[in-house]
Amino acid sequence: MRIVVTNCNTTQEMTEEIVRGARAAAGPGTTVTGLTPAWGPESAEGWLDSHLSAAAVLDTLRTYEGPYDAVVMAGFGEHGREGARELVDVPVVDITEAAAHLACLLGRRYGVVTTLERSRGQIEDSLHTAGVAAHCAAVVGTGLGVLDLGDAQRTEDAFVAAAERARAAGAEVLVLGCAGMTGLQRAVGEKLGLPVVDGVAAAVKLAESLVSLGLTTSRAGSYAKPLPKRRTWGSPRGTGTGTGTATGTGTGRGTASPPSE
């Protein structure tokens with residue numbers, strides 16, 4: 001099985017960290033390839049970054065020519081998942097949606113601990129669209145920017161402090177609200193005494209399940225293939241960059257739907 005994981009920003013080091021987390025969660029026989037957009041924001045923080053990131057990620061998927069059986073979108077609360085589901089012919093799993101669904105299986109209410117407070121609105125909207133917002137007790141920011149997450153001790157301390165606020169609001173389960181926090185659940189889970197869900201790991205396992213069950217996106221209605229028309233994209237074909245290799249023996253090939261351009 002071959003899974004493509006798309007970073008939502010242009011920071012290659014973050015893609016590599018996300019891929020490490022995805023590979024740790026993947027089952028035997030699953031290979032993970034990370035894709036870094038060739039253009040867009042270096043970190044996605046706010047509405048402008050999010051919409052720019054969505055276009056860049058879709059362009060990266062459009063131009064990627066390797067085989068894949070599922071896509072994991074590693075941008076927490078970022079836009080683009082609905083467009084990706086129209087574009088490609090394999091399951092698309094967004095880490096925001098995946099983490100929330102698994103959190104709902106572990107407790108009555110969950111809380112999201114994210115980076116900056118300005119991300120709350122996007123995350124709340126994403127959860128609402130996915131149909132899981134009713135079970136969210138709170139979305140709490142740590143005050144750290146995405147590019148600040150490289151300081152492991154500072155990130156852990158800020159996460160624990162924010163998590164206490166989420167628990168006080170009624171959260172029984174916690175969700176890592178940024179792909180750059182991947183792996184943090186191991187450090188803070190026991191300290192907090194609550195289950196902590198990593199969206200990247202959750203999305204990988206759900207993607208594996210969908211592929212194993214032979215399920216993919218419905219084309220009846222909302223995610224029908226894009227209408228054929230002229231589309232002008234923001235970058236030349238073939239500018240997406242990847243990290244890792246896809247060497248597994250998957251059962252299908254991911255393809256982008258062919259709207260005329």
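**View 1. Salt bridges across the whole model.** A search of the whole structure turns up 15 salt bridges, each one a side-chain nitrogen of Lys or Arg within 4 Å of a carboxyl oxygen of Asp or Glu. Keep in mind that this is a predicted model: local features need pLDDT of at least 70 and side-chain atom pairs count only at pLDDT 80 or more, while totals for chains, interfaces and linings use all residues. Residues are numbered from 1 along each chain as its sequence is written, and side-chain values use heavy atoms, with hydrogens and water left out.

**View 2. A pair inside helix α2.** Here Arg62 and Asp59 form a salt bridge, with their closest N and O atoms 2.7 Å apart. They sit 3 residues apart in α2 (residues 47-63), so about one helical turn separates them. Helices (H or I, at least four residues) and strands (E, at least two) are DSSP runs, numbered from the N terminus. Arg62 is buried at 8% relative accessible area, and Asp59 is buried at 1%; buried means under 20%, exposed over 50%, and partly exposed in between (1.4 Å probe, protein chains only).

View 3. Arg120 is partly exposed at 34%, and Glu124 is partly exposed at 36%.

**View 4. A link between two helices.** Glu156 pairs with Lys191 in a salt bridge, the closest N and O atoms being 2.8 Å apart. Glu156 belongs to helix α6 (residues 152-168) and Lys191 to helix α7, so this pair ties together parts 35 residues apart in sequence.
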